[in-house]
Amino acid sequence: MMDGDTMGGLSPAATARFGIPVAVLAEITHRCPLQCPYCSNPVEMERAQAELSTEDWLRVLGELADLGVLQVHFSGGEPLVRRDLERLVARAAEVGLYTNLITSAVTLTRERLAALAEAGLDHVQISFQSSEEGLGNRIGGYRKGHAKKLEAATWVRDLDLPLTVNAVMHRQNLHQLPEIIEMAVALDAARLEVANVQYYGWALRNRAALMPTLAQIETASAVVEAARARLGPRLVIDYVEPDYYAARPKKCMGGWGRQFFNISPSGKVLPCHAAETITALDFDSVRDRPLAWIWEHSHALNLYRGTDWMPEPCRGCAHKEEDYGGCRCQAFALTGEAGATDPACALSPRHEEIFAAALRDSATGSDRFTYRNFAGGTLEPVTEPADDAG
C-alpha cells in the first residue's frame, strides 16, 4: 500500500536501506503434541496464557499487508491447537497474504482441513520424522503420529492444495533419505525440504544424538543430486548441508532483518525463529509498537543488519554481501558472542573446533534424546509414548 511519502507504512529511507520483508513466520503457539528433540522453539517456551489474542493477531495480519509482506507462514508449536486458526487464515486471505500452514498434522481432521481451505488457505507443509512408523513415532514422541501424517497428506492433495513434505534429517534417519524422497513422490508433494538439523535450543541439547557423520552427509548430497536429475520438476528438493561440515556460512534468513521476520506467540518480533537464544537481546513486541515502527527502528533488528557491524575477517571479506556474516544465533551458541564470525565459515578462528565437534559427536553412537517439553525434557528415550504426550 502506498501514499505520497511511504510504502507499506515504511519511510522511503527504510525501504532504501533494507527493503520490505517478503515473508513472516507467525508462531501462534508453542503448544504441540509432539516432543521432537530438535525443535526450533526455545527451551523456555511461552505458555498459553502469554499468547497473543485473536484480536491481536487479526490486527497484526492487517499490519503485515500494510508493510508489503507477501507470505505468512502459520507455525508453532502446532498451530492447529489454536481454535481461531480459521479466522486467522481468513483474515490473511482477506488482506491479500499468501498463507502456508506448517503442521505436524497429527491432530488434523479432514473436516478441519476443508474449513481451512474454505477460509483461504493456500498451501500445507507437513513435517515427517522418518519414512517408516516405528522410527518416526520414536523421534516425534507420539504414538501413531506417522500414520496420521500420511493420512493428512492425502487429504491435502484430495482438496487440491499444494503439499510440501518437510523432512528434518539427522544421524538417526539420514539412511532413510532415498525412501523419504520416494514417500514425497508417492504423496504427490510438489516440494521436499531435506532439512538438516540446525543446532540451537533443543537440537543443541541433543547434538550428540543428532549429528550426522561426514560419510552420511556425502551420501545424502549424492542421493539428492541423483533424485533431482531423475525427478526434474516433478519434485523440487531443497537441501542445505549442516553448517558444522560447511566451508562457507549460509545466508541465514536472507540476512538479519532484511527479508524475513518471525513473530513469537507472545508477540515479539524476531529476525529468525531462534533469535531468542541470544539472551542479551531484548525484542520489541507488537503489543507495544506498530510493526512498521519495529521493522524500521527496533534496536535488535538493526543491530546486525547489513555489513557495518562486522568484525574482521568478515568486514574485509569479498563475500560479506552474499552471506551477511552467516548466522548470529550459531555464533552466539558456539562462541558466546553474537557478533563473532560464524564458526561455520572456514575463515573463523573457531571453524576447526566445530568441525572437530561434529566428528566427535557423530561418533558417539548415542540415540538418547532430551525430548522437547515444558518441563525441560527427559534423558530417557521414549519408545512408546502416550497418544496425548506433549
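These legends describe close-up views of a predicted model. Local features need pLDDT of at least 70, side-chain atom pairs count only at pLDDT 80 or more, and totals for chains, interfaces and linings use all residues. Residues are numbered from 1 along each chain as its sequence is written, and side-chain values use heavy atoms, with hydrogens and water left out.

View 1. Domain 1 spans 21-241 and domain 2 spans 260-364; the bounds come from an automatic or database domain assignment. Their centres, taken over C-alpha atoms, lie 23 Å apart. The contact (heavy atoms within 4.5 Å) takes 32 residues from domain 1 and 32 residues from domain 2. The area buried between the domains is about 2,700 Å². Carbon and sulfur atoms give 63% of that area. Buried area here is the accessible area (1.4 Å probe) that two parts lose on being put together, summed over both.

View 2. The rule finds 1 salt bridge between domain 1 and domain 2. A salt bridge is a side-chain nitrogen of Lys or Arg within 4 Å of a carboxyl oxygen of Asp or Glu. R207 forms a salt bridge with D361, and their closest N and O atoms are 2.6 Å apart. On the side of domain 1 that touches domain 2, the elements giving two or more residues are β1 (23-27), α2 (54-67), α8 (201-205) and α9 (207-210). Helices (H or I, at least four residues) and strands (E, at least two) are DSSP runs, numbered from the N terminus. The largest share of this side, 7 residues, comes from α2. Its residues divide into 19 nonpolar, 5 polar and 8 charged. Ala, Val, Leu, Ile, Met, Phe, Trp, Tyr, Cys and Pro count as nonpolar, Asp, Glu, Lys and Arg as charged, and the others, Gly among them, as polar.

**View 3. N41 in the loop between β1 and α2.** N41 counts as buried, at 1% relative accessibility. Buried means under 20% relative accessible area, exposed over 50%, partly exposed in between (1.4 Å probe, protein chains only). The N41 side chain makes a polar contact of 2.8 Å with the side chain of R372. A polar contact of 3.4 Å joins the side chains of N41 and E27. Beyond four places in sequence, N41 also touches other residues, including H30, G76, G77 and W202.

**View 4. H123 in strand β4 (residues 123-128).** H123 is buried, with a relative accessible area of 11%. Its side chain meets the side chain of N100 in a polar contact of 2.7 Å. The side chain of T164 makes another polar contact with that of H123, at 3.0 Å. Leaving aside neighbours within four places in sequence, the contacts of H123 include Y98, T99, L101, L161, P162 and L163.

View 5. G336 follows α14, with a positive phi near 85°.

Key
Polar contact = N/O pair within 3.5 Å; in protein donor to acceptor, adjacent residues only side chain to side chain.
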